[in-house]
Amino acid sequence: MTTGKLDLPAALVVIVLGIATSLALVAISVVAGLIGGVATVFLAIGVLGGVGTSTVAGTLLMAFAALVAADRTSTVIDVVIYAAVAVVLVASLTATDLSFQARRMSRLSSEVLAGKAIAAVMAVIGGLVVSVLVLTVVLAMSWPGWIVPFPLLVLAMAFGALGRILIHHRRDLHRRRTSPNRSRTLTSIGPAPSNFSTRSAHDPYRYR
Amino acid sequence: MRRLELDSVHRHTTVTYLLAAHLLLAVGSLIAAAFMRQPATLVIGSPSLVILLTTLLDPDVGRVSAAMSVDQPRALEGDTVTLTATLQSPKAVAIVDAELHPPTDLGYDGPLRSVISLEPNQPRTVEFDIVVNEWGVVRLGHLTVETRDRFGLLSTLQRFRVVDTLRVHIHEAPARSLMEPNRFRRLVGSHLSAERGGGCEIADIRPYQPGDRLQTINWRISARNDEPWVTLRHPDRSTTVVLVLDAFQVYGHQRGDAFRRSIRATLGLARLHLNAQDPVGLLVVGMGIRWFSPNLGPRHLHGMTDALLDLSTTNWADRGRHRQHVERLVPPDAVVMAVSPLTDRRFSDVLTKLLLRGQSTNVVEPLTNWRNYRAVDQIRSLGPDAFTARIYALQQQLRRRTLSDMGANVVTWEEHQPFESVLLGLRVHQRSRRLVRS
């Protein structure tokens, strides 16, 4: 168990990653580097202040900076830039989420930390491998027309799944009670007689 | 360890901002790849796409069942109690965020939030340390359990209300000096009666009379006087005590205030007299009535203690009892010990009725800090605080004087004065009044 606040370490991770990426982007394009810097500020605010909107804005700005920095002439360089930014974005979002988990004084189980980190790494690796494979297929062919409706299809699937989740899981006022265990020990005024219940027969809150 | 009853009142699933972020990245990169004819942009959104697909394939975050227990069934004011929440789920849950929300009058020692993960059907416990600062019947708040998937895209919030309450006992005012009653039962106890009979304390000697027990002959005096003399002794008797508590006091939420001291004193007196084999009754008079007829034994003490703890709530009175003729509840031979700051006319009326019935009545009056009195705020428009406080103090003095004139022994109790010294003062008061009578 880790006890304490994780805002600052998570913010440090995000800031270091953001600054490194911005500097790398500056080497390619000054404008992209500046946008990356602004994105880093947004991400840092999101982590430290617990503001989800700021994190989302920072993420999108960072992606935009990558688009600006893309060379558009060499696919390999573009892929490297995009992959680096993708790593930064997933790391930032994971760090932000972790800092949200421990936003106040709390105990954080080490297996949660490890599980989250492993999942993020697996997602990045899996995503990059898949994207490289797709790219290889796409580039091997001439520009395929069927790829155009694909984003719309994914969008529709995503919204459909979301709607199903929200409709399925919205259950309010589900009541369940567990029976109490009536202990017969008193601590403050000496041992109670065996026929004396811990809970008074007159419970002022229960029978109001 | 006492198990607490929980009431699951709320379950709600939402999407988090992370889902929006990943969705925007994935869709944005796809659109850019398709419409801008830049397939390389697919790389930037591919991890997000994987994360989204992983989550959407298994959208059930998992339902967690919770049980709670407290390490001690009752607590004493200032104690730290440990609440243990046991969480379990039929399926593995990546992130379980359990947070206890105690009421504001409870303190805490350490974090109130734990983030763990759950294996299928494997219960895990999290502990929260709560500091109970206030006496009374204390609510424990509620527990929220937020479950999230591994990537934190979906979140299910469950809220469990702790139905059971915790009884937090007040520190009793330590009392050692029994009051000196003028009425006794015909049973053995700890009070020295003025009668002659079998006991320990020597009362007098006199010549032997037919019928005297041979054990009472004082051989030393008999030898000196050449005739049998006997020793007379004071018998030890018990008495019936009825404690009358003023529950009209409504300013009972500050440490060291009159109400709190009244309850501490009542508890101390109850224990003291029960230990001395005196049957003790309790009459709580306020907007309602709570009555315990005189009795002996620890069970009776616990019952009275619970009744006093109930005073921290608004629902403490016996149903169906009315304040009219409340004095008839008190047995005629009982000694009345009232604890009241004498701030309310209705309570002093009750004492007046008891005195008119010829009841032996003693009053301990915890002095009030008028600045804290809530009623001062209500009539502040009448004038400055000091003036209002003077009016209240005069009314209090008048009630004290009236009761004293009617035969009650009234002693005042300063805020930082030990209760034992108040009892000693009461004994002095009782003796001087007895001397005046004789």
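What follows is a short tour of helix packing and nonpolar cores.

This is a predicted model, so to speak of a local feature takes pLDDT of at least 70, side-chain atom pairs count only at pLDDT 80 or more, and totals for chains, interfaces and linings use all residues. Residues are numbered from 1 along each chain as its sequence is written, chains are lettered from A in the order written, and side-chain values use heavy atoms, without hydrogens and water.

**Stop one.** Select residues 30–49 (H2) and 52–69 (H3) of chain A: these helices pack at about 165 degrees, with axes 7 Å apart. That makes H2(A) roughly antiparallel to H3(A) (an angle over 145 degrees). By class, their contact (heavy atoms within 4.5 Å) has 16 nonpolar, seven polar and no charged residues; Gly counts as polar here, and Asp, Glu, Lys and Arg as charged.

**Stop two.** Jump to chain B and pick H4 (258–275) and H5 (298–309), at about 175 degrees with axes 11 Å apart. H4(B) and H5(B) are therefore roughly antiparallel too. Show B:Arg271 and B:Leu274 of H4(B), which are among the residues meeting H5(B).

**Stop three.** Which residues have the most contacts inside the largest nonpolar core? Select A:Tyr82, B:Val43 and B:Leu153, in a core of 43 residues (buried nonpolar residues joined through side-chain atoms within 4.5 Å, buried being under 20% relative accessible area with a 1.4 Å probe). H4(A) gives the largest share, nine residues. Zoom in on A:Tyr82: among the residues it touches are A:Leu67 and B:Ile44.

Note on methods. Axes are lines fitted to C-alpha atoms, for helices over the stretch in contact, and angles run from 0 to 180 degrees between N-to-C directions. Helices (H or I, at least four residues) and strands (E, at least two) are DSSP runs, numbered from the N terminus. Angles under 35 degrees count as roughly parallel, over 145 as roughly antiparallel, 65 to 115 as roughly perpendicular and the rest as oblique. Buried means under 20% relative accessible area, exposed over 50%, partly exposed in between (1.4 Å probe, protein chains only). Lists of a residue's contacts leave out its neighbours within four places in sequence.
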